[in-house]
2 protein chains.
Amino acid sequence: VNSDPIVTLVRQVQARDARAIARAITLVEDHDPRAGQLLAALDPQPIDGMTVIGITGPPGAGKSTLTGQLISRFRGEGQRVGIIAIDPSSPISGGAILGDRVRMMEHALDGDVIVRSMATRGRLGGLCAAAGAAMRIMANGGCSVVLIETVGVGQSEMDIVSLADLTLLVLAPGLGDEIQAMKAGLLEVADLLVVNKSDCPGAETLTLEMEAVTRDRSLVCRTDALTGFGVAELTDRLLALDREHRDDGTRSKRRGQAHEREVIDWAIELLRPWLSVAAKELDCGRADDPRQLAGELLAGLGLAGKVE
Amino acid sequence: VNSDPIVTLVRQVQARDARAIARAITLVEDHDPRAGQLLAALDPQPIDGMTVIGITGPPGAGKSTLTGQLISRFRGEGQRVGIIAIDPSSPISGGAILGDRVRMMEHALDGDVIVRSMATRGRLGGLCAAAGAAMRIMANGGCSVVLIETVGVGQSEMDIVSLADLTLLVLAPGLGDEIQAMKAGLLEVADLLVVNKSDCPGAETLTLEMEAVTRDRSLVCRTDALTGFGVAELTDRLLALDREHRDDGTRSKRRGQAHEREVIDWAIELLRPWLSVAAKELDCGRADDPRQLAGELLAGLGLAGKVE
């Protein structure tokens, strides 16, 4: 009888126990010393078959409602669905958004919908590493689809979207100039553009604009997530694109890049506590050049020649 | 005669040459091999006297217009003002937001307003290090005030706000639920709350709500940045708070923490190219546990015992 708690936890995850999945992700997020053991004990196979869909876009575009609709579609096919919601609110005062999301989704009581909220604040980086680990744990827990929902602003959020096999950019008419300007950056990471709230004024113009930008009408979908209009067509295009990317090597290439990014992010996460202690110990005035001090700090690690 | 181009550039910066300031910041942002020499050659004194003001808030709250008003106030006192605008759009397709900002500011032709846009994408992290360096360069270039404007979402943006001596959180009525929920996280980093668009419906309610949250009415200011209403009072409170923080040690404590963060961020920036090469050289399958591979990668650096 092996009574190692981590071995037991991994077995529970693989028996599709939703609480064990949550506990395993928390353990990694909290930098528990046993996190390495847990991740190494996971079966590497399940993630190969899983599809990871990134859903990004400005606040107010209706991402959560659309996510809820996509969950319904995948659940209708009997798939177990994981959701990683990158929550821009604080872990301290936060939780409001996740609450809203769960309510909106109406999947809160479905045991085959595994929702995980991750905060972008309150931790020093490592969001990409933590989200990647959550994907692996969810895959071991029987999820065949994972949806990563994030407000598409900022470096760390973009890094997370890059973990996805396919990315939806959700836009809506009438969100104001500053918000719409963000789509410039977001367009580069999107596989499909969704013009949501398709019955609102301005939806037609936004659709034409997006079709002009992509130069391919088949990459622009119109939906109304509240009523479900257009969601079936969107799902079909999404799955067709997934098959295409599996066949032409795009998926495999993206996964390779994402894997490399995860390795680098983990290396930084593992180094960070040491760097933090070393930075505190540096005998320096506030006015001293931080770059030079960083060089001295790395020299103390015996790395000076390698890194500069 | 010293003809070292970096020595010359630093001299030009210290002669308040706006183009030299821009060139120096670009050199650091581009990871030029001479970046270390340049930063080490800066005079460490000027940043001591400079005041750094962070301006954050959700998209559409009117941050750029308010920034323009604050610039006018500080320019009216004869101060040279630096602006670091963290641009959520891409460096590739972007520029639109900066263009808007400059137009809105109506300070584009004022040689004593130094505007610098920094992208949150297209570079692997290091935004905090780059923004810190830009502050030091602007201080050497004669700026006595630096305004850092950022959309208050995401880890890297929050890290940047933490470089500021004082932070304004700009809110506005009618921005929708998801956007308003963000303020929960933002409230923790704010020194003053600004309810902008104070003549719009809902401004009164939002002000009362914010006064209830902060439990201190003096920390909530109402402005209408378009007309300038409330901006004089806001500036007065800001300067009073700055004096208070200088006297009670808050400023000095924050600067110490920010300096530590900059050192760590620089250390990661210096390590990143090495990690990236090492990650590419790892002989691994995509399914392998990235955390374990990261450990092996650090072991190759001779760090395994130190960091795990």
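The side chain of A:Glu269 makes a polar contact with the side chain of A:Arg272, at 3.5 Å. This is a predicted model, so that distance is computed, like every other value I will mention. A:Glu269 sits in helix H12 of chain A, which covers residues 250–281. Is A:Glu269 buried or exposed? Its relative accessible area is 7%, and the cut-off for buried is under 20%, so A:Glu269 counts as buried. As a general point, an α-helix has 3.6 residues a turn, so residues three or four places apart point the same way.

Next, the core. The largest nonpolar core has 111 residues. Which residues have the most contacts inside it? They are A:Leu38, A:Ile137, B:Leu38 and B:Ile137. Take A:Leu38 and leave aside its neighbours within four places in sequence. A:Leu38 is then in contact with A:Ile6, A:Leu9, A:Val10, A:Ala24, A:Leu27, A:Val28 and A:Ile137. Note that A:Ile137 turns up in that list, and that A:Ile137 is also among the residues with the most contacts in the core.

Now helix H13 of chain B, residues 290–300. At its start, a side-chain oxygen of B:Asp289 reaches to within 3.1 Å of the backbone nitrogen of B:Arg291. B:Arg291 is itself one of the buried residues of this helix. Just after the helix, B:Gly302 takes a positive phi of about 75°.

That one is a glycine, but two residues in chain A have a positive phi without being glycines. A:Arg16 has a phi of about 70°. A:Arg16 is in the loop between helix H1 (5–14) and helix H2 (18–29), and is partly exposed at 39% relative accessibility. The other is A:Lys197, with a phi of about 55°. A:Lys197 lies in the loop between strand E6 (192–195) and helix H10 (203–214). At 29% relative accessibility, A:Lys197 also counts as partly exposed.

Last, the cysteines. A disulfide is a covalent bond between the sulfur atoms of two cysteines. B:Cys200 is partly exposed, with a relative accessible area of 32%, whereas A:Cys128 is buried at 4%.

How values were computed
Residues are numbered from 1 along each chain as its sequence is written. Chains are lettered from A and ligands numbered from 1 in the order in which they are written. This is a predicted model: local features need pLDDT of at least 70, side-chain atom pairs count only at pLDDT 80 or more; totals for chains, interfaces and linings use all residues. Side-chain values use heavy atoms; hydrogens and water are left out. Helices (H or I, at least four residues) and strands (E, at least two) are DSSP runs, numbered from the N terminus. Buried means under 20% relative accessible area, exposed over 50%, partly exposed in between (1.4 Å probe, protein chains only). A nonpolar core is a set of buried Ala, Val, Leu, Ile, Met, Phe, Trp, Tyr and Cys residues joined through side-chain atoms within 4.5 Å. Contact means heavy atoms within 4.5 Å. A polar contact is a pair of N or O atoms within 3.5 Å; within protein, one must be able to donate a hydrogen and the other to accept it, and residues adjacent in sequence count only if both atoms are side-chain atoms.
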